[in-house]
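The sequence and the model are shown first, and the description follows.

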Amino acid sequence: MENQIKQILLENSEALFGIQIEEKLIQFQNTRKDVEGDLTLVIFPFVKMLKVSPIDAGEKIGSFLQEKLSFIDKFNVVSGFLNFIIADSHWLNELKNMDENPKFGYSTENSKPTLMVEYSSPNTNKPLHLGHLRNNFLGYSVAEILKANGHKVVKTQIVNDRGIHICKSMLAWERFSPVNENGERETPGNTGMQGDKLVGKYYVEFDKQFNIEANEIIQQWENGEFNGFPEDSIVEFNRLQDSKVEKDEKATKGIDAKIKDLAKNQTSLLLDAKEMLIKWEARDPEVYLLWTTMNNWVYQGFDVTYKAMGVDFDKLYYESETFIIGKELVEKGLKDGTFFRKEDGSVWIDLTDEGLDEKLVLRSDGTAVYMTQDLGTAFDRFNDYPDLDGIIYTVGNEQDYHFKVLFLILKKLGFSWAQNCSHLSYGMVELPKGMGRMKSREGTVVDADDLMEDIVDSAKEMTQERGHIEGMSEEDKNELYRTIGMGGLKYYLLKVDPKKKIVFNPNESIELNGNTGPFIQYTHARIKSLLRKAENVGELKDVSLHHEEKEILKHLSMFPNLIEEAGKNHSPALIANYSYELVKLYNHFYQAVTILKEENEELKNMRLVLSRNVAKTIAQGMRLVGVNVPEKM
RNA sequence: GGGCUCGUAGCUCAGCUGGAUAGAGCACCUCCCUUCUAAGGAGGCGGUCUCAGGUUCGAAUCCUGACGGGCUCACCA
């Protein structure tokens, strides 16, 4: 419709305006609620060239278009806005088209380039938390939205299964796990704990013991006991101590933190963990066995969590494999001069010309860092999928700088695909003021499994109170509680623009009224109930439309465009907000108009077909954000 | 300190590439179940779009600066 108007204006530009106008001057917008009309053309851009008032310009353009286009029933001009009233037959035709298309709004499958969406990417030393929920729901949804746009999509993750942090929990388990009467340390089997929770427990334990030891070292230093510590640490300690003189409280605090870091680096625990990492990279059999065992516990735990979240993956990548590829890339880059080696053996890239810093890509002890493996992983992926066009990395915005650097290095290494890699950067999930930050090490996280369980419980409570669940089996009821609870949680985390942070108060349960998942699910269930009662729906005939009906049709016909926008912007929030609008329009209609008791069969039919397509669009939209919709609730 | 980013109603958020009198939900106050699911609907209350300049016929939206929050600048990931 918009395109047709645009085309007519462009073709007749000389006649209308005296010159050939630019396409971007033709701007449409939705007509204001209090003005009659279905579509509005902004007239201001044409006023100057027509040398008449905005009203006259609008009249001229309006009558010209009305003559050419049959779907324009009437038009009016209010100040600089030309409002078209579109014929009912046009909207009924739209309804007919969407009704015939079960995949209304979706593009042809695999008609666009292959994309990879990376999300989740957990560390294997701790359980998933609230932040991961946002990440997983977002990544999953964006992948589904891209599929709906016709892309072939590979869902993937990079499993953070190696590194110093993994060694920390391994070491802590070896050192601090109690031993039972059979001489065994704690395992998921003998404790009944989910594997990831058990390993996470030891990660926290490491940090605790590590801090105790660091504090003891500081104590020793303050007492002048420096035996056994390296010279440079002692010198640095004394320098920092002296610099505290006559500083205010804040500055002193900062210096104390630096001293703490210094001491941490001298703890036997950290030194042992580092040694363990070197052994691991050298494939020491004992360390490798421990690593394999503990990681498998974690994977079994994660499986439970992913299943509850309702997300899936097509292909997994492991850092324990790709870091090697990364190291090879670094070797190659050293030879061609992309990287350089410092005296201590560490390898760097100089990005100061790009306004960034020097960045480490390999430690002096030869072990890999985060960047090393990310280079390797990207290379590996394009190698595995020759038709791969680009990668979308779903990672929090705290890593904005990392990805800027990563893509730049890949480009400098000469990979042309680097320009098609993008960082889907989302805002942190924060706790309300005064509750601090979520830190796994400090145990101040909202656990993903616990949260999902809580929300399903509260959905159960609400459903038992007001749901239509009589006659349902226990199994179906439980499934419904899960659908509603998880729907509420997903919608809550996805309705906000991904770029923005979310403040989450764990003490307040997630709202299930208003702009929420269950509100949308409810409308779907209600329509389904209506359609069940209607039994059969007849052919669509030419009838005249109520205002409420036309509003819904206008909104429905925007759905294909919306999916495209959501794909372009990598934003499930657009889908969520669209669905919410649709549901509000429908509920208004539902209240204002009778459907089953309508005596005019043709009208009744049209309303049922309309309802059917609203339900379908809700279901399809919700599917794209990972939310299921029930037939009854 | 450098870089990035955010600041819209008491709270949580929409406001597309600049367009008409800035919109929802929650909370608070009224109404509406002998029409199909009231997890619903109708109405009320609530705003200097952080502030100050600038660009423009027109700015919540673009530019500059200030103030306030967040992230980041690791041989952590």
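How do the residues of the surface near RNA strand B divide into nonpolar, polar and charged? There are 24 nonpolar, 21 polar and 20 charged residues; Ala, Val, Leu, Ile, Met, Phe, Trp, Tyr, Cys and Pro count as nonpolar, Asp, Glu, Lys and Arg as charged, and the others, Gly among them, as polar. The model is predicted: local features need pLDDT of at least 70 and side-chain atom pairs count only at pLDDT 80 or more, whereas totals for chains, interfaces and linings use all residues. Residues are numbered from 1 along each chain as its sequence is written, chains are lettered from A and ligands numbered from 1 in the order in which they are written, and side-chain values use heavy atoms, with hydrogens and water left out.

**The surface near the RNA**

RNA strand B is surrounded by 65 residues, of which Asn160, Asp344, Arg363, His468 and Tyr522 are the closest; a residue is near the strand if one of its heavy atoms lies within 4 Å of it. Helices (H or I, at least four residues) are DSSP runs, as are strands (E, at least two), numbered from the N terminus.

| Side chain | Atom of RNA strand B | Distance |
|---|---|---|
| Asn160 | sugar or linking oxygen | 2.4 Å |
| Lys500 | phosphate oxygen | 3.0 Å |
| Lys533 | phosphate oxygen | 2.7 Å |

**A buried leucine**

Leu138 lies in helix 6 (residues 130–148). Leu138 counts as buried because its relative accessibility is 2%, where buried means under 20% relative accessible area, exposed over 50% and partly exposed in between (1.4 Å probe, protein chains only). Leaving out residues up to four places away in sequence, Leu138 touches Thr394, Leu424, Tyr426, Leu494, Pro498 and Pro572, a contact being heavy atoms within 4.5 Å. Leu138 and Lys490 are 352 residues apart in sequence, yet their C-alpha atoms are 8.9 Å apart in space.

Key: A polar contact is a pair of N or O atoms within 3.5 Å; within protein, one must be able to donate a hydrogen and the other to accept it, and residues adjacent in sequence count only if both atoms are side-chain atoms.
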